[in-house]
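I opened this model to look up two things.

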Amino acid sequence: EVANASGLTLLTGPLFQPVATDEAEWPEPVQRIRDATVDRCVEAGGNQLEWGWPASSIPDIDGDGVRDWVIDESWLYCGKHAEDEEEEDAILIPARVHVFVSNLGRWTEKLDVPDADWAVDISSKPAALVVTTDQW
């Protein structure tokens, strides 16, 4: 990743997808968080699930030269649709943001916070993760 034509270096997540990913390529801990989030939706009575951009492969933030990962649970839509109704009801489940960094071939969760906005600043090497929230 490089600065844009205006020289801006802040990649705002999760809407940027610098490297296209398929769920099968996600590291095991990222898949595990996805599965646990889906389970929480089902336990809350949800039967309509839809992911937006839940997991992002991000530039290296820990300096080992390997891309890292963010999974943003807020991009899971959890709904309940009764067979005899036309509309479905959204179910709110608490969302979290998880950050995983590579560690000698293993993945380490470095951050687990309540729903937050996040971005990656690529002006330095390694890149810097910027997390902000007004809910803490």
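I started at the S-S bond: the link of C41 and C78 is right-handed, with 90 degrees about that bond. I noted that C41 sits in helix α1 and C78 in strand β5, 37 residues apart, so the pair links distant parts of the chain (helices are DSSP runs of H or I, at least four residues; strands are runs of E, at least two; both are numbered from the N terminus). The S to S distance of this disulfide is 1.9 Å; the cut-off is a pair of cysteine sulfur atoms within 2.5 Å. I found 1 disulfide in the structure. C41 and C78 are both buried, meaning under 20% relative accessible area with a 1.4 Å probe, protein chains only.

I kept the ground rules beside me. This is a predicted model, where local features need pLDDT of at least 70, side-chain atom pairs count only at pLDDT 80 or more, and totals for chains, interfaces and linings use all residues. Residues are numbered from 1 along each chain as its sequence is written, and side-chain values use heavy atoms, without hydrogens and water.

Next, the pocket. A pocket is an open set of points on a 1 Å grid over the protein atoms alone, with protein on both sides within 12 Å along at least five of seven lines; lining residues have an atom within 4 Å of a point. Which residues lie nearest the centre of the largest pocket? I read S74, L76, I91, L92 and I93, out of 14 lining residues. Elements giving two or more residues to this lining are α1 (28-43) and β5 (76-80). β5 gives the most, with 3 residues.

How values were computed
1 Å grid on protein atoms, 1.4 Å probe; cavity = no way out; pocket = protein on both sides within 12 Å on 5 of 7 lines; lining within 4 Å. Buried < 20%, exposed > 50% of the residue type's maximum accessible area, 1.4 Å probe, protein only.
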